[in-house]
Amino acid sequence: MSGALLAALVLAGCQTGSDVAAIQAISLDKNQGTEQNIASLSATVDSNPSDPEGYNVRGTAYGRAGDYDSAIADFNRAIQLDPNFYQAYANRALVYRQINDPGKAAADYTKAIQINPNYGSAYIGLGNVYRVAGRNREALNYFQKAIDLGTSDPRAYHNRGLLYQLDGQHKLAIEDFSRAISLQPSAAEPYSARGVSYLALGDDDNAFEDFNTALRLDDTKAEYWTNQALVYERKGDKSRAFKSYARASQLNPGYRPAKDGLARTRS
């Protein structure tokens with residue numbers, strides 16, 4: 001594989017933040033961010049304004065709806081009512097991550113860990129803050145801590161796998177992505193990431209299967225179409241590669257690996 005193709009694969013496979021499927025600290029069903037549900041939660045809060053759990057639950061619903069100011073206000077109130085409410089700290093930290101305030105997010109995750117040293121989600125969240133900041137060794141330590149605590153949260157394995165992948169340790173990365181998949185087989189991102197490591201090891205068949213599975217689960221991500229296109233390109237099928245790159249560029253016109261792929265495969 002050429003250096004340019006491998007570099008594009010690693011970039012396509014190691015997307016972070018909101019692209020990572022199903023790895024949010026706030027875990028809600030699809031109806032919990034609706035206006036109707038928030039109204040119901042508000043009625044619950046109004047009927048028992050001294051219950052911190054009510055504010056925490058409504059805060060997660062506001063976060064799901066993208067109303068981050070209201071979410072933070074509810075988490076603030078929950079923490080005011082119960083200063084040891086470590087879940088509220090972690091949920092507020094997630095909102096801070098979503099509004100790109102990693103300093104406050106790290107402080108909240110750290111506080112949650114101080115209150116409950118066995119709270120795996122906070123270690124995972126803090127690991128993600130450090131990973132996005134490029135402080136990979138510290139991030140790895142936090143993911144490892146969550147795993148050592150016996151977490152069944154796929155985020156710990158997925159994100160540790162991304163770090164192994166960046167370090168060129170693809171066999172270890174594949175093991176972690178496979179574990180994440182076993183814990184949550186409906187999440188597309190670990191398939192995509194595992195495919196990148198398979199292809200880096202020269203296992204085209206397994207890579208292509210993983211990329212296609214990722215697309216079956218979620219065909220809205222430019223990265224997944226780009227991954228598929230890279231395999232077509234590796235096989236010498238420039239026509240199909242061009243079509244997949246074109247779909248990726250349509251979904252995300254600014255996505256550089258897709259734009260570069262289009263330039264390489266345009267006939």
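1. Contact here means heavy atoms within 4.5 Å. Helices are DSSP runs of H or I with at least four residues, numbered from the N terminus. The model is predicted: local features need pLDDT of at least 70 and side-chain atom pairs count only at pLDDT 80 or more, while totals for chains, interfaces and linings use all residues. Residues are numbered from 1 along each chain as its sequence is written, and side-chain values use heavy atoms, with hydrogens and water left out.

2. Helix H4 (residues 68-81) packs with helix H5 (residues 86-98) at about 155 degrees, their axes being 9 Å apart. Axes are lines fitted to C-alpha atoms over the stretch in contact, and angles between N-to-C directions run from 0 to 180 degrees. H4 and H5 are therefore roughly antiparallel, a term for angles over 145 degrees.

3. From H4, Tyr-68, Ala-71, Ile-72, Phe-75, Asn-76, Ala-78 and Ile-79 meet Ala-88, Tyr-89, Asn-91, Arg-92, Val-95, Tyr-96 and Gln-98 of H5. The residues of this contact comprise 10 nonpolar, three polar and one charged; Ala, Val, Leu, Ile, Met, Phe, Trp, Tyr, Cys and Pro count as nonpolar, Asp, Glu, Lys and Arg as charged, and the others, Gly among them, as polar.

4. Asn-100 lies in the loop between H5 and helix H6 (102-115). Although Asn-100 is not a glycine, its phi is positive, at about 65 degrees. Asn-100 is exposed, at 66% relative accessibility (exposed means over 50%, buried under 20%, with a 1.4 Å probe and protein chains only).

5. Tyr-255, in the loop between helix H14 (238-251) and helix H15 (256-265), is buried, with a relative accessible area of 7%. The C-alpha atoms of Tyr-255 and Ala-222 are 7.4 Å apart in space, and the two residues are 33 residues apart in sequence.

Methods: Helices (H or I, at least four residues) and strands (E, at least two) are DSSP runs, numbered from the N terminus. Angles under 35 degrees count as roughly parallel, over 145 as roughly antiparallel, 65 to 115 as roughly perpendicular and the rest as oblique.
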